[in-house]
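Colleague: I would like to learn how to read a protein model. Could you walk me through it, feature by feature?

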Amino acid sequence: MLRVNRVNKIQGIIAVPGDKSISHRSIMLASISKGETVIENFLRGEDCLSTIDCCRGLGIRIEEEGKKIIVYGNGLSGLKEPEDVLNVGNSGTTIRLLSGILAGQEFLTIITGDSSIRRRPMARIATPLREMGAIIEGRDNGRLAPLSIKGGGLKAIDYTLPVSSAQVKSAIMLAGLFANGNTKVTETTQSRDHTERMLKAFGGNVKKEDNTIIISKSDLYGQTVEVPGDISSAAFFMVAAAAMPGSNLTIQKVGLNPTRTGIIDVLKKMGADIEMENSFVSGGEEIGDIIIRGCKLVGTCIEKEIIPRLIDEIPVIAVAAALAEGKTTITGAEELKFKESNRITAMVTEMKKLGINITELTDGMEIEGPNIIGGGNVESYGDHRIAMAMAICGLFANDTVKISNSECISISFPQFEERLKEITL
Ligand code: S3P
């Protein structure tokens, strides 16, 4: 159980762990590339360690030297039939992206995960991958894991994503690497584009025309990847510093890919004092320092178009909204129901326990602020981002906030508590 108490201000210069999305992709692309890939600042959180385990299960040699990982890729046709079931733990990115690669393999793989993964929707990847020619079975006609995947002989498809999802887009793109012809994926709202950027850096044949990505069979070559700090982890401290007058926090070397920076736009709209400094580009990804000074925030309106650019930050944005003056409305965020937990119900239920004026909507939530946050016992639902968002509530509460089942934080941010102690006064 994590206990968090009120603090006076947030201050310091810190770094956050490596980006989760980029860490996963670096292991997967390296595994199907020719030659060695060295990954610096890899996120050693449980989700990304699951990706390493699964790729090892597929016969790839991966060595770990602290935060540096070396992957000895075997090329596009170098994976081997796993001897046992692959287990992705809690990681949706692992099961969905890896399924795209497995669709290109003639051997059989059975892939599953923890109870949260076994509740999450898989038809969204099974449908397009079956259309490409993969044989995919699973519980409830392939809607739920465990999934069995037997692929090979794929043909290219032209697919428009029914929901904005970087995981589905990436699964199809990765399968497209093994398919005959040009695979086209169209998205109506841009989701994170790390797969596109990294595939290009590894020599993949990928281009973009308007909102359609076109990919064809291409060999990939091992690279050096420098993983930027995860803006989704930085977000917890950004909100704490932005909403606490007198705070002054610098978070160094954070990934600032524009498909991920919706949190910065929203906090600025709420009146936050945020600046970016020392920006540079590495491996096709923008990186920079974020400087946040605390002040009073105001409520805002967050609608469908921006949701993919801040989807994982909504729990902590709800905390910012609770502290802001006026009403905040979040709509068009149905996808939150299909994350590690139902994040709409989870945040509304737990924030209410601390006396926050919050209402559940079918596709989001409405929060009336500012609130005097009380102490109490709250639940994480085994969801790392719910646990950390509730910890940020505790920094503003007039009594201790106790978060049960908080060990799930190690899924994306194993050093969360330590970093928090370093920056709170
Ligand atoms: C991710 C994409 C998003 C995000 C998840 C990571 C990725 O999921 O919520 O945490 O690495 O591609 P969806 O693609 O389901 O929106």
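Modeller: First, the ground rules. This is a predicted model, where local features need pLDDT of at least 70, side-chain atom pairs count only at pLDDT 80 or more, and totals for chains, interfaces and linings use all residues. Residues are numbered from 1 along each chain as its sequence is written, and side-chain values use heavy atoms, with hydrogens and water left out.

Colleague: How are two packed helices described?

Modeller: By the angle between their axes and the distance between the axes. Helices (H or I, at least four residues) and strands (E, at least two) are DSSP runs, numbered from the N terminus. Axes are lines fitted to C-alpha atoms, for helices over the stretch in contact, and angles run from 0 to 180 degrees between N-to-C directions.

Colleague: At what angle do helix H8 and helix H10 pack?

Modeller: Helix H8 (residues 231–243) and helix H10 (residues 314–323) pack at about 10°. Their axes are 9 Å apart. H8 and H10 are therefore roughly parallel to each other. The cut-offs: angles under 35 degrees count as roughly parallel, over 145 as roughly antiparallel, 65 to 115 as roughly perpendicular and the rest as oblique.

Colleague: Which residues in H8 and H10 meet?

Modeller: From H8 come Ala235, Phe236, Val239 and Ala243. They meet Val316, Ala320 and Leu323 in H10. By class, this contact of H8 with H10 has 7 nonpolar, no polar and no charged residues. Here Ala, Val, Leu, Ile, Met, Phe, Trp, Tyr, Cys and Pro count as nonpolar, Asp, Glu, Lys and Arg as charged, and the others, Gly among them, as polar. Contact means heavy atoms within 4.5 Å.

Colleague: Now sheets. In what order do the strands of the open sheet lie?

Modeller: Start with pairing: two strands pair if DSSP finds at least two bridges between them. In this sheet, 3 strands lie in the order S1-S23-S22, with mixed pairing. Strand S1 (2–4) and strand S22 (376–379) are the edge strands, each pairing on one side only. Neighbouring strands of the sheet are turned by 25° against each other on average, direction ignored.

Colleague: How many bridges join S1 to strand S23?

Modeller: There are 3, and S1 runs antiparallel to strand S23 (residues 401–404). Leu2 has Ile403 in S23 as its bridge partner. Helix H12 (residues 384–394) lies across S1, S22 and S23, running at about 170° to S23.

Colleague: Which way do the partners of strand S3 run, parallel or antiparallel?

Modeller: Strand S3 (residues 34–40) has one of each here. With strand S5 (residues 68–74), S3 is joined by 6 bridges and runs antiparallel. Gly35 stands opposite Gly73 in S5. With strand S14 (residues 224–226), S3 is joined by 3 bridges and runs parallel. Val38 stands opposite Thr224 in S14.

Colleague: Next, salt bridges. How many does the count come to?

Modeller: The rule is a side-chain nitrogen of Lys or Arg within 4 Å of a carboxyl oxygen of Asp or Glu. The count comes to 27 salt bridges. Take Arg385 and Asp312, whose side chains meet at 4.0 Å, N to O. Arg385 lies in helix H12 and Asp312 in the loop between strand S18 (301–302) and H10, so the pair ties together parts that are 73 residues apart in sequence.

Colleague: Is that pair buried or exposed?

Modeller: Buried means under 20% relative accessible area, exposed over 50%, partly exposed in between (1.4 Å probe, protein chains only). Arg385 is buried at 2%. Asp312 is buried at 12%.

Colleague: Which residues are linked in a network of salt bridges?

Modeller: Arg120, Arg192, Asp312, Glu340, Arg343, Asp383 and Arg385. Within it, the side chains of Glu340 and Arg343 meet at 2.9 Å, N to O. Both Glu340 and Arg343 are buried.

Colleague: Last one. Where does Met122 lie?

Modeller: Met122 lies in the loop between strand S7 (108–112) and helix H4 (123–131). Met122 is buried, with a relative accessible area of 0%. Leaving out residues up to four places away in sequence, Met122 touches several residues, including Ile95, Ile117 and Leu144. In H4, the buried residues are Arg124, Ile125, Ala126, Pro128 and Leu129.
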